[in-house]
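I opened a new structure today and went through it piece by piece. These are my entries, in the order I looked things up.

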Amino acid sequence: MKAIVVRQTGGPEVLRLEDAPDPEPGEGQVLVRVEVAAINPIEYKQRNGIVPKELPAILGSDFSGVVERSLATELQEGAEVFGFAGSGAYAELAVTPVSMVAEKPEGVSHEAAAALPVAAMTAYQALFDRGRLEGGQRVLIAGAAGGVGGFAVQLASRAGAHVIGVGSARNRDYVMSLGATGYVDYTTEDVTQAIDDVDLAFDAVGGATTQALLATVREGGTLVGIAGAMPETDPSSGIRAELLIMSPSREQLVMLADLVARDELKVEIAERFPLADAAKAHEMSESGRTRGKILLDVAG
Ligand SMILES: NC(=O)c1ccc[n+]([C@@H]2O[C@H](COP(=O)([O-])OP(=O)(O)OC[C@H]3O[C@@H](n4cnc5c(N)ncnc54)[C@H](OP(=O)(O)O)[C@@H]3O)[C@@H](O)[C@H]2O)c1
């Protein structure tokens, strides 16, 4: 099969298209012909060595494709599935345990399905599993136009929360169109001056932004981060500050794809690249300016 193989850490140029051995499914696994893979920022961090990864490796988690061989009773050959690839998604073939995939609903494209797993599930788990968000509450979402943030704004809004997005000016209209009722342009405004007393702050940016968001949370409220260390909190404030590490859930894959099928969750595609142009896709992801998801068109 053709795959993007990383043999050493470095810049986007270390992502090389190679002929690689076809992966072999084990018991309880499926072999999938990948149609579309999606990029997540962790992959450029693995490529440049910020996040450790054993090499050589085929990067990538999110995919949508067709089952070519099944060693699991739950899925038959020919089933259209999406989810998390165990063996790397930047490849024509991937193997994965059946628990890490779900059937793609008819009417949901491979592009939309591939865009969901990491980003939409992280947004869901941050808001509801960790953030315990409820209708009527105020939630501040930093990185609102990104892969995770765009899903978070929509999921929070449809749960009846009042959503304030944080992003740059060019993304204001986009984030408001996803259901936000307020917006802070971090390039011209200080979020700690503009916003206070939110029930939940969700940080998908990291660094100084995580610390800044803490000041916007009401007493007894919650700060959930996904992009690095969380700040110390004053115990007398009653504020919980927690780092979420997303854990794959088949049930949540089904739920999220169902929302897309019913047109209740929109998937914004920033750009589609052919598999051979994975380096260009990484350059774009690494810029930190993406609106929505970057895809790799694997099947072509
Ligand atoms: N813990 C986990 O399980 C987990 C899971 C998924 C992702 N992550 C991490 O979460 C982070 C976000 O992931 P992602 O896929 O959403 O990334 P992404 O799509 O690359 O996010 C890009 C967005 O970030 C926005 N942004 C950049 N700087 C900002 C700032 N200072 N304030 C507000 N918005 C800002 C940009 O908007 P502007 O262009 O308007 O600035 C852009 O729309 C990454 O670090 C990723 O590794 C962690």
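**Entry 1: model and domains**

I am working with a predicted model. The protein chain divides into domain 1 (2-116 + 267-297) and domain 2 (119-243). I found 28 Å between the C-alpha centres of domain 1 and domain 2. The contact takes eight residues from domain 1 and eight residues from domain 2. I sorted the domain 1 side by class: two nonpolar, three polar and three charged residues touch domain 2.

**Entry 2: ligand**

Where does the ligand lie relative to domain 1 and domain 2? I checked which domains give residues to its shell. Both domain 1 and domain 2 do, so the ligand lies between them. I count 32 residues around the ligand. The closest are Ala145, Gly146, Gly147, Val148 and Ser168. Next I asked which elements contribute. At least two residues of the shell come from each of α1 (41-48), α3, α4 (147-158) and β10 (162-167). By class, I get 16 nonpolar, 14 polar and two charged residues in the shell.

**Entry 3: helix α3**

α3 is one of the elements in the ligand shell, and I went there next. α3 covers residues 117-130. How many of the 14 residues of α3 are buried? I get 10, and α3 is mostly covered. The buried ones are Pro117, Val118, Ala119, Ala120, Met121, Thr122, Ala123, Tyr124, Ala126 and Leu127. After α3 comes Arg132, with a positive phi near 50°.

**Entry 4: α3 against α8**

I then looked for a packing partner of α3. Helix α8 spans residues 250-261, and its axis comes within 10 Å of the α3 axis. The crossing angle is roughly 100°. α3 and α8 are therefore roughly perpendicular to each other. From α3, the contact uses Pro117, Ala120, Met121 and Tyr124. From α8, Gln252, Leu253 and Leu256 meet them. I classed the residues of this contact: six nonpolar, one polar and no charged. I also note that Pro117, Ala120, Met121 and Tyr124 are among the buried residues of α3.

**Entry 5: α1 against α9**

α1 also supplies residues to the ligand shell. I checked its packing with helix α9 (residues 278-286). The axes of α1 and α9 are 9 Å apart, at an angle of about 105°. That makes α1 roughly perpendicular to α9. On the α1 side I see Pro41, Tyr44 and Arg47. On the α9 side I see His282, Ser285 and Glu286. The classes in the contact of α1 with α9 are two nonpolar, two polar and two charged.

**Entry 6: two strand residues**

Arg33 sits in strand β3 (residues 29-38). Is Arg33 buried, exposed or partly exposed? Arg33 has 17 C-beta neighbours inside 10 Å, so I log it as partly exposed. Arg33 and Val67 are 34 residues apart along the chain, yet their C-alpha atoms are separated by 6.3 Å. Beyond four places in sequence, Arg33 touches Gly65, Val66, Glu68, Glu92 and Leu93.

Ser64 belongs to strand β5 (residues 62-70). Ser64 counts as buried because 30 C-beta neighbours lie inside 10 Å. Its contacts beyond four places in sequence are Glu35, Val36, Phe82, Lys104, His110, Ala113 and Ala114. I also took the C-alpha separation of Ser64 and Ala89: 9.1 Å, at 25 residues apart along the chain.

I finished with the loops. Leu55 and Pro56 are joined by a cis peptide bond, with omega about 0°. Pro56 lies in the loop between α1 and β4 (57-58).

Asp197 is not a glycine, but its phi is positive, about 60°. I place Asp197 in the loop between α6 (191-194) and β12 (198-203). Asp197 has 10 other C-beta atoms within 10 Å, so it is exposed.

Asp263 is not a glycine either, and its phi is positive at about 65°. Its loop runs between α8 and β15 (269-274). With 8 C-beta neighbours inside 10 Å, Asp263 counts as exposed.

Technical notes
Residues numbered from 1 in each chain as written. Predicted model: local features only at pLDDT ≥ 70, side-chain atom pairs only at ≥ 80, totals over all residues. Axes fitted to C-alpha atoms, helices over the stretch in contact; angles between N-to-C directions. Helix = DSSP H or I, 4+ residues; strand = E, 2+ residues; numbered from the N terminus. Parallel < 35°, antiparallel > 145°, perpendicular 65-115°, else oblique. Contact = placed C-beta atoms within 7 Å. Nonpolar A, V, L, I, M, F, W, Y, C, P; charged D, E, K, R; others polar. Domains from an automatic or database assignment. Near = placed C-beta within 6 Å. Buried ≥ 20, exposed ≤ 12 C-beta atoms within 10 Å, placed from the backbone.
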